[in-house]
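This briefing sets out the main features of the structure shown below.

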Amino acid sequence: MGVVSREENIQSYKYKDDDFPTESSELQLETEESIRHAFFPYTQESAMPKPAASIELRRTRHVKYLLGAIDSLPSFWAALDASKPWLCYWIIHALDLLEHKAPEQLAQRAISTLSRMQCETGGFAGGPGQEAHLATTYAAVNALTIIGTKEAYDTINRKTLLEFLMRVKQKDGSFKTMVDGEVDVRGSYCAMAVATLTNIVTPELVESAADFIGRCQTYEGGLGGYPGVEAHGGYAFCGLAALELLGRTDVLNMDTFVRWSVRRQMQLEGGFQGRTNKLVDGCYSFWMGSMFPIIGKMVEKLGQDKEVLDFVYDRDAMQEYLLLACQSKSGGLRDKPSNLLWTDNPNQLRVVGLPDNVVESTHPVLNIRLDKVRKAFVYFYGKAAEDVIGEIDVEIIRN
């Protein structure tokens, strides 16, 4: 049940350490206490509870924060010098979800900036003069797709992009994140996502890719970065989303996968943790939350009622956590009170608080607006692809 709709004492949802405190349990209780203060005015514990309908997405402040980040960022962001396409994607995507049309000048600057990060041998680097990486390639392709102009689409060199993807493809179906880099299931997702968006999927590219992801499933049920490591929310999303694009979710034990996924939603906080015994983190509202629409589609294919997901995880509680505990007063979203970062609301079927809180729907697999995905498909799948890959099996796309 969502926090604001609970009639029980909020304290009853606190973590129980069975009188055996540890460093982890103490951090958990401290986090719960800080979040409880954010929830308190809307609970029955308050002398004058605020109505749930008054909860507000601070849309104007978020837009102002994002626009301000375009021209200058605090000095500590220098640590992300090799992640410039991500900064571009995060800002443009967040503005897009908030229905703030990016100024034409911003779109042109983004195209110009990203074009300088495209490597001659294919893919996009984190900055000019750096080496291509699958993660920054994903961010750059998504940013250009959101801009959605012919110039933006044509910035992507599809021929060299496919060549780059095949250079990092491994015999066991995995992908290195860069040439001579590490193997990581995020690479599988980034490769499948950019290939799907730009219509460069080939049989050679997808060969054994699903089998590798299946081997990343752990005894807990989630997915790790590669076989044999701990299950993690970000890896679980990447693996599931890649399998959905491949049409091969059948390689997973879905019973244990769903069980692990729902157990990541925190009882008091309403948001998600990324791993067992870790703290709640706002970013997992996407990484974990976006898996449930994919799971819902799989349930529907089996002829079962998709509404069963309403009893599997709590959408309202997740939204309450984002709106009450994660919004900064000056704009921007944080992972939990006192920590600031950007994040995105997942695709919502219901909205908590004011009607204006609803944001544009993001594609749960590709993580850009649904209309931008359709527009890109019309452009790239309408183009003659023989110069890049010849015939393509478009059935690999899962809308």
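This is a predicted model: local features need pLDDT of at least 70, side-chain atom pairs count only at pLDDT 80 or more; totals for chains, interfaces and linings use all residues.

The buried residues of helix 3 are Pro85, Trp86, Leu87, Cys88, Tyr89, Ile91, Ile92, His93, Ala94, Leu95, Asp96 and Leu97.

- Helix 3 is mostly covered, with 12 of its 14 residues buried.
- The cover over these buried residues includes helix 2 (59-71), helix 4 (104-115), helix 5 and helix 16 (370-382).
- Helix 3 spans residues 84-97, and the distance from its first C-alpha to its last is 20 Å, close to the 20 Å expected at 1.5 Å a residue.
- Glu99 follows helix 3 and has a positive phi, near 60°.

**The chain as a whole**

- The protein chain contains 16 helices and 2 strands.
- Of its 399 residues, 55% count as buried.
- Among contacts in the protein chain with a separation of 6 or more, 68% are between residues 24 or more positions apart.
- The accessible surface of the protein chain is about 18200 Å², and carbon and sulfur atoms contribute 52% of that surface.

**Aromatic pairs and the Tyr138–Tyr189 link**

- The structure holds 15 aromatic pairs.
- One of these pairs is formed by Tyr138 and Tyr189, whose rings lie 5.2 Å apart centre to centre, with 55° between the planes, a tilted arrangement.
- This pair links distant parts of the chain: Tyr138 belongs to helix 5 (residues 134-147) and Tyr189 to helix 8 (residues 185-198), and the two are 51 residues apart.
- Tyr138 counts as buried because its relative accessible area, 3%, is under the 20% cut-off.
- Tyr189 likewise counts as buried, with a relative accessibility of 2%.
- Ring pairs join Tyr138 and Tyr189 into a cluster with Trp86, Tyr89, Trp90, Phe237, Phe286 and Trp287.

**Nonpolar cores**

- In soluble globular proteins, nonpolar side chains tend to be buried together.
- The largest nonpolar core has 84 residues, of which Leu165, Tyr189, Met192, Phe257 and Met291 touch the most other members.
- A second, separate core comprises 27 residues, including Ile70, Ala94, Leu268 and Cys326.
- Apart from neighbours within four places in sequence, Tyr189 is in contact with Tyr138, Phe237, Cys238, Ala241, Ala242, Val365 and Leu366.

**Helix 15**

- Helix 15 (residues 315-325) is mostly covered, as 10 of its 11 residues are buried.
- The buried residues in helix 15 are Arg315, Ala317, Met318, Gln319, Glu320, Tyr321, Leu322, Leu323, Leu324 and Ala325.
- These buried residues pack against helix 1 (23-39), helix 13 (284-287) and strand 1 (333-336).
- At the start of helix 15, the backbone nitrogen of Asp316 has a side-chain oxygen of Asp314 within 3.1 Å.

**Asp335 in strand 1**

- Asp335 is located in strand 1, and strand 1 is one of the elements against which the buried residues of helix 15 pack.
- Asp335 counts as buried because its relative accessibility, 10%, is under the 20% cut-off.
- The side chains of Asp335 and Lys336 are joined by a polar contact of 3.2 Å.

Technical notes
Residues are numbered from 1 along each chain as its sequence is written. Side-chain values use heavy atoms; hydrogens and water are left out. Helices (H or I, at least four residues) and strands (E, at least two) are DSSP runs, numbered from the N terminus. Buried means under 20% relative accessible area, exposed over 50%, partly exposed in between (1.4 Å probe, protein chains only). Contact means heavy atoms within 4.5 Å. Accessible areas come from the Shrake-Rupley method with a 1.4 Å probe; for residues, only the protein chains shown count as cover. Rings of Phe, Tyr and Trp (its six-membered ring) pair if their centres lie within 6.5 Å; planes under 30 degrees apart count as stacked, over 60 as edge-to-face and the rest as tilted. A nonpolar core is a set of buried Ala, Val, Leu, Ile, Met, Phe, Trp, Tyr and Cys residues joined through side-chain atoms within 4.5 Å. The expected span of a helix is 1.5 Å times one less than its number of residues. A polar contact is a pair of N or O atoms within 3.5 Å; within protein, one must be able to donate a hydrogen and the other to accept it, and residues adjacent in sequence count only if both atoms are side-chain atoms.
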